[in-house]
Structure formats: C-alpha cells, structure tokens
Amino acid sequence: MNPFLQGIITIVVGVGGCIAYFYFSNLFLDKVLFPARGPKAGQNINRANQIRPWLFLFPAIFALGLYLAYPVVGSFVRSLYNRSGNDFIGAGNYIRLFESPEFRTAFFNNILWVIFVPAASTFFGLLAAQLTDKLSWGNIAKSLIFMPMAISFVGASLIWKFVYANDNDIGLINAIRAAFGAGNPIDVLQIPFWNNFFLMVILVWIQTGFAMVILSAALRGIPEETIEAAILDGANPFQLFFKIKVPQIMGTIVVVWTTITILVLKVFDIVYTMTGGNFDTEILPSYMMKFMFRDDGLATAVAFVIMVVVLPVMIWNIMQARKEMR
Amino acid sequence: MDGMAGEKSGLSWAVNISVVIMVLLWLIPTIGLFVSSFRERDQISASGWWQAPFSVELSYRTRGGSDATEDNGTWTVTGNIFETDEVKSSFTSGESTVSAFGDSGRNPGEYPAGTTADLGDGETLTVNEDGSYTYTTAEDPGDRGPRIYFVAETPPEFTLANYRQVLTADNMDKAFINTLTVTIPATIIPILIAAFAAYALAWMDFPGRGVLIACVVGLLVVPLQLALVPLLNLHNSIGIGQSFLGIWLAHTGFGLPLAVYLLRNYMVGLPRDIIESAKVDGATDFQLFIRIILPLSFPALAAFAIFQFLWTWNDLLVAKVFLPSDDASKVMTVKIADDLLGSRGGDWGILATAAFVSIAVPLVVFFTMQRFLVRGLLAGSVK
C-alpha cells in the first residue's frame with residue numbers, strides 16, 4: 001500500500017479511534033456502569049467522577065508507560081545480557097565499555113559538550129536578549145537569531161560544512177585565513193581536541209535562539225520599580241544588568257541551562273554527519289549508534305550510561321515541579 | 001526604562017553595532033548554503049559563495065578552427081576563441097577576457113594572454129585578451145583544428161540545475177514525500193491523547209495526581225537512546241517491525257510527555273470561573289472539555305503541534321532505527337546523512353541544494369507560526 005495513503009488512514013483511524021474511545025467510554029460510565037438515576041443516583045455520580053480521570057488518562061499513561069517507562073527497565077535488563085541476548089553476563093558489557101579507550105574518549109568529550117554548549121548558549125542567549133531588548137528592530141534581530149531552531153541538526157551540519165570545508169574557495173574559515181596570508185587550507189575538524197569545540201559551535205548556534213527567547217521574556221518580566229530605583233541610585237548600565245537584572249532572572253537561567261544540558265545528551269546527528277566520530281570526536285549518543293543493530297547488549301549499556309548522566313537533572317526537575325505545585 | 005536617566009548615545013551605538021554583528025554571525029552560514037545551492041558546479045569550486053556576484057576565472061578546453069591559410073609553407077589559423085564550438089554556450093554575452101592560455105590540460109594557464117607561445121615542431125600559438133587567436137604550424141593541420149586550453153573570466157551564473165537534479169535524479173522527491181508521510185500523523189495523533197490527559201491532570205481531582213505530574217516531568221528528560229533497542233524488539237515481536245506504523249507510534253510516544261506537560265501548564269491557567277459556572281449549569285466533564293477547554297487551549301495546541309512537527313521533520317535518530325533502510329522509505333535527513341554525504345561528499349552544489357530542500361518547509365512553518373512557538377516555549381519553562 002502507498003505509505004502516504006496509509007498515513008491518511010492512520011490519521012483517520014488514530015483520531016477517530018481516540019474520539020470514539022473517549023466518547024463511548026464516558027457514555028458507558030454514565031449510562032451503564034453508574035447511571036445517575038434510581039435509588040443510588042448520588043453515590044453513582046460520585047463513583048463515576050472518581051473513575052473518569054482514569055478514563056481520560058488511560059491512553060496517555062499506556063503510551064507513556066510502553067514507550068518511555070518500560071524501555072528504561074527494558075534497556076537496563078538487556079544491557080546485562082550478551083550480544084545475542086541469551087546469556088546473562090552481569091556487568092560484563094559495562095566492564096567492556098569502561099575498559100575501551102574509545103568509550104573513555106566519548107565519555108570525556110560528552111562531559112566537554114555538557115559543560116560548554118549550555119554555558120555558551122545561555123551566555124549568548126542572555127547577551128542577545130539584553131542587547132535587543134530596547135532596540136527598535138529588536139524583534140527582527142531576535143527572529144533571525146532564533147531561526148536556526150527550525151533547522152535540523154543534519155541541515156545545520158551541512159550549513160557548517162560550508163564554513164569548515166578544507167578548501168579556500170568553499171570554507172569560510174579557510175578563506176579568512178587565506179585573506180590574512182595563511183598558506184595551505186587546514187581541516188579544522190581534524191585538529192585534535194579543538195575539533196570537538198568546532199562541532200559544539202554548531203549546537204550553540206542552534207540553541208542560542210532558544211535561550212534568547214526565554215531569557216528575553218524573563219527580562220521583560222522584571223518589575224520596573226527595581227530598575228528605576230537602581231537608575232535613581234546612579235547604577236550604570238553594567239551594574240544594572242549584573243547586579244539588578246541577572247539575579248532576578250537566575251531561576252529562568254537555571255531552567256534554560258538544564259533544558260539545553262538534557263538536549264546535549266540526546267544529539268548524535270552533528271557528530272554523525274560531520275566526522276562520523278573520527279578524529280576523536282565521538283560522544284556517547286553517536287558511540288551508541290555504532291552498536292545499534294550490531295550488539296544490543298553494548299548499545300543498551302551505553303544508553304544506560306547516558307541515563308545515569310541525565311539522572312541528577314531529572315531528579316532536580318521533578319523536585320522543582322513539585323515545589324511549583326504546592 | 002534604561003533611558004530614563006539619559007541614555008548615552010555612544011552606548012546605544014555600541015548596542016546597535018553589536019546586535020548587527022551578532023545577527024550577521026548567526027545568518028551568514030545559512031546564506032552561504034542558500035547562495036551555493038543556486039550556483040553552477042564549476043563556479044562553486046572555483047570561487048567562494050561570498051564572491052558569487054563576481055566573475056570567476058575558469059579554465060576551458062576547446063579546439064580551434066580548421067580552415068588554415070597557407071603562406072610560404074606556413075599554415076595559419078585565426079579566429080576568436082569564444083566563438084569556437086566547444087565553449088560557445090558558456091560565453092553567450094561575448095564580453096569576457098582571457099587571462100592565460102596553454103596547450104595542455106595539466107597547465108591550462110601556462111602562458112599569459114597576449115604573448116606568443118612556442119609549442120615546438122614549428123608551432124606557435126597567440127591568444128589575446130579579447131579572445132582572438134593565431135595558430136601557425138609548419139605542417140598542413142588537415143581538418144582538425146588545434147587543441148587550445150585557456151583561462152577566462154566567466155560571468156557569474158545562477159542556475160536551477162542543482163534543484164532539478166536533486167528533485168528528479170537523486171530520489172529526493174521520494175524522500176520528501178516520506179518525510180511528509182512520517183510527520184503529519186506523528187504530529188496529529190499525540191495531540192488528542194495528550195489533551196484529554198492534560199485536562200484530567202489540570203482540572204480533575206483524584207488521588208495520585210501529583211505523582212503522575214511528577215512522572216511526566218521525569219519522562220520529559222528520559223534519553224531517547226534508552227527506548228531504541230527495547231522498542232524495536234517489541235515492534236519486531238508483535239509484527240510491526242521497521243515500518244511507517246512503527247515510527248508513527250514511536251514519535252507519538254516520545255512526543256507525549258512534552259505535549260501533556262505543555263497543555264497541562266496552559267490549561268491550569270485558564271480562568272476558574274468559566275469552568276465552575278459551566279459545571280453549575282450541568283455540563284459533564286466530557287462536554288466541558290470539548291466545548292470550552294479545547295477551543296480555549298488553541299494557542300497551546302498550536303505550539304505543541306509546531307514543536308512536534310519540527311522535531312519529527314528534523315529527526316534523524318528515530319528514522320534511522322524505526323524505518324527500514326531501503327531507498328523506498330528513506331526520509332530526507334537519512335538520505336542526506338547517509339547517501340549524499342557519503343557518495344557525493346565533494347559535490348557541494350548538490351549537498352547545498354538537498355540541505356536547502358530539507359530545511360525549507362520547517363523555515364516556512366517557523367516564520368509563519370513564530371508567535372505560537374514562542375508562546376509555547378514560554379508556557380513550558382517560565383512561570
């Protein structure tokens with residue numbers, strides 16, 4: 001069957017099925033199971049209202065459980081078995097990982113990514129938010145800096161290939177070097193250690209817009225009185241920014257920072273398309289893809305290492321959410 | 001507000017200039033891709049895209065005319081190099097200058113224009129800047145003209161040839177349709193499921209609600225990588241395997257936490273009065289949801305739909321794992337990352353065009369729906 005037609009049928013079945021489920025399950029609850037009539041009408045209404053939330057929640061809980069909660073356990077269990085999945089080898093996969101120098105490189109690089117990308121994106125985002133705040137053409141500037149958010153990581157990698165290319169007539173960096181008199185073009189993606197940063201720049205380029213949009217809203221939300229008071233007290237623009245504004249939006253800065261940190265741990269596309277993990281640029285998500293389809297045991301072990309790295313952020317997020325609800 | 005105490009104009013200039021620089025830095029890489037996608041292949045490798053509006057020095061190969069005139073045992077061929085058959089089509093405007101010429105492909109610019117080159121065996125060749133050439137030889141050249149290489153300034157040329165090739169010859173049209181096929185159901189299906197759940201979490205009171213919300217927040221950050229192996233095995237064992245159905249289900253599952261979280265945050269903020277007065281008037285939860293909550297939540301629904309659309313359109317990881325790797329079901333990101341970068345690593349025109357085709361739709365969505373996107377982002381993270 002033509003996949004496009006199949007898609008349309010899926011939309012109809014999916015959406016129609018959802019509506020039918022919600023409509024008929026409510027009908028069943030109200031008319032058949034606990035009808036609001038007869039001697040126990042009041043009691044029945046209460047009972048129905050106790051069950052209804054779970055009717056509303058069931059599809060979401062089912063999908064979330066199957067597609068996100070079960071895999072956490074499933075992956076962990078699978079990572080304790082060998083390649084074929086038949087023999088239990090305990091921590092064998094993890095031991096193999098930690099003994100391999102490639103994994104250590106990937107782990108070390110990933111830590112660089114987790115430190116550098118959120119820091120740089122938040123910094124540039126804050127800078128852009130503050131600079132464009134009072135500008136007459138600020139909204140246009142913001143929407144242009146925000147634009148890379150819409151571009152796929154693969155597209156962004158290709159865009160940056162035209163900046164990094166090892167050719168004076170294609171790569172912007174080499175053209176600039178040549179303009180300053182440098183001789184032969186260099187391949188910046190092969191410079192040991194620093195090539196990681198050239199890859200990170202791509203993600204910073206994408207994420208700065210996200211940081212900017214959120215921080216700019218936070219800056220707008222600062223009570224005007226505090227700013228007026230500071231100006232009357234003679235604060236200069238820099239003091240105003242660092243001592244009055246930044247402390248007041250610290251909470252938002254932390255949210256932006258953690259959101260980007262989590263994203264960094266998911267992105268494998270950039271390394272995959274730019275270097276394929278060569279020249280010591282491997283990171284954990286791309287390292288995992290090396291084992292995908294080849295050795296499920298090792299692949300799930302790498303994935304679980306990523307999960308462990310994310311865990312502190314996850315716990316912090318949950319704590320924040322609970323605090324807000326009270 | 002800042003200006004109240006009298007803003008210094010110097011500072012305001014500095015701000016304007018720094019924003020201009022920042023915007024340029026952010027924009028230039030994309031412009032490079034855009035310009036390159038319209039340039040002719042030879043021109044891309046001969047000069048940088050930032051020189052696209054200027055002429056390029058390209059080397060050509062042609063064959064001179066064959067109607068020689070004999071004079072005392074010396075045969076002479078004259079003519080204009082730009083009018084020879086092999087290169088005629090490149091110089092339609094006729095206005096161009098030769099900077100150098102030669103007689104071998106290894107060094108097409110061996111002799112500067114205007115000089116007379118001694119080619120040995122009594123042959124000489126002169127090519128002037130305006131393209132006129134004189135070739136003399138001691139032997140009858142017969143009916144084959146002399147082989148001439150030359151380097152000439154070529155006017156800038158913009159073409160749609162790259163797009164034609166990408167969209168017709170490289171299976172990119174198929175990949176485009178596939179991306180669309182993956183994206184649309186994967187965007188629509190999670191919305192309804194999430195909206196009902198979000199309503200329950202926002203406005204219905206039941207034990208365990210707090211725990212469920214915490215779970216959703218926790219699942220927001222579960223790395224996708226964890227889900228790949230167990231889910232693919234699950235799909236294989238229940239007969240879905242690697243297929244479009246599989247990827248729709250996967251994207252639905254992965255998009256749900258964000259959807260529930262965004263929509264709940266938005267619905268909680270809806271005015272309590274409306275909801276309570278509707279309840280007093282006897283509306284059931286189901287009616288309340290369909291008639292009041294859903295229409296009022298439109299901005300949040302739109303925000304999530306844009307997110308999910310961009311995310312599924314741009315996704316590479318899920319498509320690589322949950323779709324078969326044959327040409328018939330490749331999406332654009334996979335096509336570019338695996339096929340084009342591998343086999344056409346050096347063909348910059350094709351790469352730029354393919355990339356631009358794949359980012360064009362998200363860019364249009366982005367610029368037309370930016371308002372909703374920003375509102376959605378803010379609902380998710382700023383209180």
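Predicted model: local features only at pLDDT ≥ 70, side-chain atom pairs only at ≥ 80, totals over all residues.
Reader: Why is A:N174 called buried?

Author: A:N174 has a relative accessible area of 1%. Buried means under 20%, so A:N174 is buried. The residue lies in helix α7 (residues 172–179) of chain A.

Reader: Which residues is A:N174 in contact with, leaving aside its neighbours within four places in sequence?

Author: The contacts are A:Y164, A:A165, A:N166, A:D167, A:N168, A:P185 and A:I186. Contact here means heavy atoms within 4.5 Å.

Reader: What makes the pair A:R52 and B:D285 a salt bridge?

Author: Their side chains meet at 3.6 Å, N to O. The limit is 4 Å between a side-chain nitrogen of Lys or Arg and a carboxyl oxygen of Asp or Glu, so the pair A:R52 and B:D285 qualifies. The count by this rule is nine salt bridges over all chains. A:R52 lies in helix α2 (residues 41–78) of chain A and B:D285 in helix α9 (residues 285–296) of chain B, so this pair joins two chains. Between chain B and chain A the count is one salt bridge.

Reader: Are A:R52 and B:D285 buried or exposed?

Author: A:R52 has 4% relative accessibility and B:D285 has 11%. Both values are under 20%, so A:R52 counts as buried, and B:D285 does too.

Reader: How do you know that A:D133 and A:R220 tie together separate parts of chain A?

Author: A:D133 forms a salt bridge with A:R220, with the closest N and O atoms 3.1 Å apart. A:D133 is in the loop between α4 (101–132) and α5 (138–146), while A:R220 is in helix α8 (residues 194–220), so the pair ties together parts that are 87 residues apart in sequence. A:D133 is buried, because its relative accessibility of 11% is under 20%.

Reader: What separates B:E276 from B:R272?

Author: These two are four residues apart in helix α8 (residues 272–280) of chain B, which means a separation of about one helical turn. B:E276 has a relative accessible area of 41% and B:R272 has 47%. Elsewhere, salt bridges that share partners join A:D133, A:K134 and A:R220 into one network.

Reader: Why can B:I177 belong to a surface patch when it is called partly exposed?

Author: Patch residues need over 30% relative accessible area, and B:I177 has 39%, so B:I177 passes that cut-off while remaining partly exposed. B:I177 is found in helix α4 (residues 172–203) of chain B. The nonpolar patch also contains A:F4, A:I8 and A:V12, and has about 340 Å² of accessible area together. Helix α1 (residues 3–33) of chain A gives the most to this patch, with three residues.

Reader: What makes β3 and β7 of chain B partners of β8?

Author: Pairing takes at least two bridges. Strand β3 (residues 74–80) has six to strand β8 (residues 132–137), and strand β7 (residues 123–127) has four, so both meet the rule. Each pair runs antiparallel. B:N80 stands opposite B:S132, and B:T124 has B:T136 as its bridge partner.

Key: Residues numbered from 1 in each chain as written. Chains lettered and ligands numbered in written order. Heavy atoms only, no water. Patch = residues over 30% accessible without salt bridge, like charges linked within 9 Å, V, L, I, M, F, W, Y side chains within 5 Å. Areas by Shrake-Rupley, 256 points an atom, 1.4 Å probe, with all protein chains shown as cover. Buried < 20%, exposed > 50% of the residue type's maximum accessible area, 1.4 Å probe, protein only.
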